[in-house]
Amino acid sequence: MAQTEVLRAFRFTLDPTRAQQGGLLRHAGAARWAFNHALGMKIAAHQQWRDRVQALVDSGVEESAARKQVRVPVPVKPVIQKHLNQIKGDPEKMPWPEESVGPARPCPWWKEVSTYAFQSAFIDADQAWKNWQDSLAGRRAGRKDPRFKKKGRARDSFRLHHTVTQPTIRLDGYRRLTLPRLGTIRVHDSGKRLARLITRGQAIVQSVTVSRTANRWYAAVLVKVHQNLPRATRAQRANGTVGVDLGVRPSPPSADRSPSPGHRKP
């Protein structure tokens with residue numbers, strides 16, 4: 001029987017202590033800040049492109065030619081992450097870099113949060129920007145600008161990854177879930193099904209998305225599962241190719257719907 005790999009999410013209701021709730025809120029706030037930071041850098045680059053195009057148009061250049069002539073790259077995750085590493089620094093050990101752009105020491109609390117909360121938010125910002133560009137080009141339905149996330153309006157959520165060969169996201173028994181920088185958190189639901197898949201070598205944890213709805217925190221553990229494909233029946237083989245539903249990959253969190261200062265790029 002043939003095998004295939006599919007992505008499945010196991011959702012658990014968390015039962016954090018008061019101290020752990022504070023850590024979850026810090027991570028959610030860091031992810032929201034990182035998304036807005038990345039989006040702000042993209043909008044600034046896009047506005048710079050528009051200003052240069054307008055300057056050429058004002059000087060007599062045709063707008064279509066000006067658009068082709070001006071090139072201002074929109075920063076993506078590696079560039080944004082490198083920039084943040086330069087400016088966040090350690091206020092106790094490192095001086096403020098003179099060439100840095102933006103507020104001095106924008107996130108002095110970064111040591112309290114897993115770096116993956118920042119990295120995942122940068123990836124989400126890249127995807128939100130790409131979705132907007134695709135919609136402008138007609139490759140995607142809708143024309144909504146990427147929006148900044150506002151505290152109190154955007155859902156508290158963050159995503160953490162790990163190195164699968166040295167897992168830091170793991171079940172501790174059937175009733176506890178260990179997360180990097182957050183420790184071991186009790187869960188209401190039983191993790192027996194997932195734990196048995198991992199023990200048998202049939203599942204590997206890829207990431208976890210933690211979110212809050214009302215006063216409840218939830219963790220969706222994304223795992224890569226090895227499963228057998230069902231054999232086709234004689235009637236199915238006679239009728240031709242058999243389709244198999246291999247599951248759905250969870251979509252990244254969407255941006256909140258607050259106003260954006262950016263302008264659209266045709």
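Which residue in β5 is the bridge partner of Asp15? In this predicted model, the partner of Asp15 is Arg186. The sections below set that bridge in its sheet, then turn to the helices.

## Overall make-up

The protein chain contains 6 helices and 7 strands. Along the sequence they follow the pattern β-α-α-α-α-β-β-β-β-α-β-β-α. The chain has 266 residues, and buried residues make up 39% of them.

The 7 strands form an open sheet. Their order is β2-β6-β7-β1-β5-β4-β3, and the pairing is antiparallel. β2 (157-161) and β3 (170-171) stand at the edges. Each has a single partner strand, so one side of each is left without a neighbour in the sheet.

Strand β1 spans residues 3-15 and strand β5 spans residues 183-187. These two pair in the antiparallel sense over 2 bridges. Asp15 bridges to Arg186. Leu14 has Val187 as its bridge partner in β5.

β5 also pairs with strand β4 (residues 176-179), again antiparallel, over 4 bridges. Here Thr178 is the bridge partner of Thr184. β4 and β5 form a hairpin with 3 residues between the strands. Arg181 in this hairpin takes a positive phi near 70°.

## α1 against α4

α1 also packs on helix α4 (residues 115-136). The angle is about 40° and the axes lie 8 Å apart. The crossing is right-handed.

From α1, the contact includes His27, Ala30, Trp33, Phe35, Leu39, Lys42 and His46. From α4, it includes Phe118, Phe122, Asp124, Asp126, Trp129 and Trp132. The residues of this contact divide into 16 nonpolar, 2 polar and 3 charged.

## Lys42, a buried lysine

Lys42 belongs to helix α1. Is Lys42 buried or exposed? The cut-off for buried is under 20% relative accessible area. At 1% relative accessibility, Lys42 counts as buried.

What does Lys42 contact, leaving aside neighbours within four places in sequence? The list is Val74, Pro75, Val76, Ile80, Ala125, Asp126 and Trp129. Ala125, Asp126 and Trp129 are among the α4 residues in the contact with α1.

## α3 against α4

Helix α3 (residues 77-88) meets α4 too. Their axes come within 9 Å and cross at roughly 140°. That makes α3 oblique to α4. This crossing is right-handed.

On the α3 side, the residues are Lys77, Ile80, Gln81 and Leu84. On the α4 side, they are Phe118, Gln119, Phe122, Ile123 and Asp126. The residues of this contact divide into 5 nonpolar, 2 polar and 2 charged. Ile80 of α3 and Asp126 of α4 are also among the residues in contact with Lys42.

Technical notes
Residues numbered from 1 in each chain as written. Predicted model: local features only at pLDDT ≥ 70, side-chain atom pairs only at ≥ 80, totals over all residues. Heavy atoms only, no water. Pairing = 2+ DSSP bridges. Buried < 20%, exposed > 50% of the residue type's maximum accessible area, 1.4 Å probe, protein only. Contact = heavy atoms within 4.5 Å. Axes fitted to C-alpha atoms, helices over the stretch in contact; angles between N-to-C directions. Left-handed = near helix turned anticlockwise from the far one by under 90°. Nonpolar A, V, L, I, M, F, W, Y, C, P; charged D, E, K, R; others polar. Parallel < 35°, antiparallel > 145°, perpendicular 65-115°, else oblique.
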